[in-house]
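Here is a short briefing for a first look at this structure. Keep the sequence and the 3D view open while reading.

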Amino acid sequence: MDSELTVAICTKDRRDDLDRTMRSLASQEWSGAWDVLVVDNGSSDGTDDVARERSEDLPCPASVLAEPVPGRAHGRNRALREAAGRSIVFIDDDVACAPGWVAAHGEAFRDATVAGSGGPIRPLMPDDTPPWFLEILDEESGGPTSRYEFGDEPGDIVDGGPIPCPFGANMGMLRERALEAGGFRTDLGWGTRMIPSEELEFFRRYRLLGGRIVYLPAASLVHRIQSRRTTWDYYLRWNRGYGRSLALMEPPRHAWDRARRVARQVKLFLRWRRRGRRSASEAEAIRRFASAEQARGEL
């Protein structure tokens, strides 16, 4: 291999986001050999041009290739096949990597016992984020929030432990072993359909091949969350997709199992609908009060 580690970014029609993401890679420093691979999944907005232009500013080799089959899983599998690195770390095209991010992942994979890695994902919320969604940030990981934060101490990620498998915006693996595991399932993930959990399903298979999966607090990044992802409709849509992914990964064994899953999803739906309506009502009351005060010249 020509590289110890490949940073892979799968993207589509996100030229401005990708520009900022690659700028954050330009300041990375590590003593090892690393490179960047951008997989363009059918962009029509000049994303590939931005990727090539920004590649010139990186402190490492970089390449851009096209994957015509739509879907993020297809892009990730293409990256696994084409990457030059012994290990590969995937990030999203709308993140900003903290200083030391590459070094944290790179040094982890120099340990022969390590097969996978994940680091903190800290969501950067838009200014118009509704209050009910901010409540979700305090209680949920992953999903529409994308949050993955489990303290400042490194540790192993084990079945049944307090830290789940790494999320797609910041996850690393051994390239050849990932191919041996079969890569990512293309009937899951973003693309033609909104069915999440392709990373969860992948790591279930991947960890069976052995090796440690480690949590790396120093491999931190910020994930920019778009306003469209903080709406009630998006939240419900994401959870419906998650329900579909569970059915694909673990088909219900019998009618009782199916009913139990439906009841769990309905409970979640009702819980957040109440919070959403309450927050919307509070926001409307504040807006009316401010309008009245402004009309009286008090504001």
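A residue counts as buried when its relative accessible area is under 20%. Gly 142 has a relative accessible area of 6%, so Gly 142 is buried. The model is predicted.

**Gly 142**
- Gly 142 sits in the loop that runs between H5 and S8.
- Leaving out residues up to four places away in sequence, Gly 142 touches Arg 147 and Phe 167.
- Pro 164 is 22 residues from Gly 142 in sequence. Their C-alpha atoms are 9.8 Å apart in space.

**The sheet of 8 strands**
- An open sheet holds 8 strands, in the order S3-S2-S1-S4-S9-S6-S10-S8. The pairing is mixed.
- Strand S3 (62–66) and strand S8 (155–156) are the edge strands. Each of them pairs on one side only.
- Gly 155 has Tyr 215 in S10 as its bridge partner.
- S6 also pairs with S10, here in the parallel sense and over 4 bridges.
- Opposite Ser 117 stands Val 214 in S10.

**Helices on that sheet**
- Helix H2 (residues 47–55) lies across strand S1 (3–11), strand S2 (34–40) and S3. H2 runs at about 165 degrees to S3.
- Which residues of H2 are buried? They are Thr 47, Val 50, Ala 51, Arg 54 and Ser 55.
- Down the axis of H2, these buried residues fall within an arc of 135 degrees, so they line one face of the helix.
- The cover over the buried residues of H2 includes S1, H1, S2 and S3.
- Helix H4 (residues 101–108) lies across S1, S2, strand S4 (85–91), strand S6 (114–118), strand S9 (170–174) and S10. H4 runs at about 125 degrees to S1.

**The sheet of 3 strands**
- Another open sheet has 3 strands, in the order S5-S11-S7, again with mixed pairing.
- Its edge strands are strand S5 (95–97) and strand S7 (121–124), and each pairs on one side only.
- Neighbouring strands in this sheet are turned by 25 degrees against each other on average, direction ignored.
- S7 and strand S11 (residues 221–224) pair in the parallel sense over 4 bridges.
- Ile 121 has Leu 221 in S11 as its bridge partner.
- Helix H1 (residues 15–26) packs on this sheet and touches S5 and S11. The direction of H1 makes about 5 degrees with that of S5.

**Nonpolar cores**
- Nonpolar side chains tend to be buried together in soluble globular proteins.
- The largest nonpolar core has 59 residues. Phe 90, Trp 101 and Met 173 touch the most other members.
- What does Trp 101 touch, not counting residues up to four places away in sequence? Its contacts are Val 7, Leu 25, Gln 28, Val 89, Ile 91, Asn 170, Ala 218, Ala 219, Ser 220 and Leu 221.
- A second, separate core has 7 residues, including Trp 132, Phe 133, Ile 136 and Tyr 235.
- In helix H5 (residues 131–139), the buried residues include Trp 132, Phe 133, Ile 136 and Leu 137.
- Seen down the axis of H5, its buried residues fall within an arc of 160 degrees, so they line one face of the helix.

**Arg 224**
- Arg 224 is part of strand S11.
- Is Arg 224 buried or exposed? Arg 224 is buried, because its relative accessible area is 15%.
- Apart from neighbours within four places in sequence, Arg 224 is in contact with Asp 17, Arg 20, Thr 21, Asp 93, Asp 94, Val 95, Ala 96 and Leu 124.
- With Val 95, the side chain of Arg 224 reaches the backbone oxygen at 3.4 Å.
- Arg 224 and Pro 126 are 98 residues apart along the chain, yet their C-alpha atoms are separated by 8.0 Å.

Key: Residues numbered from 1 in each chain as written. Predicted model: local features only at pLDDT ≥ 70, side-chain atom pairs only at ≥ 80, totals over all residues. Heavy atoms only, no water. Buried < 20%, exposed > 50% of the residue type's maximum accessible area, 1.4 Å probe, protein only. Helix = DSSP H or I, 4+ residues; strand = E, 2+ residues; numbered from the N terminus. Arc of directions from axis to C-beta. Core = buried A, V, L, I, M, F, W, Y, C linked by side-chain atoms within 4.5 Å. Contact = heavy atoms within 4.5 Å. Pairing = 2+ DSSP bridges. Axes fitted to C-alpha atoms, helices over the stretch in contact; angles between N-to-C directions. Polar contact = N/O pair within 3.5 Å; in protein donor to acceptor, adjacent residues only side chain to side chain.
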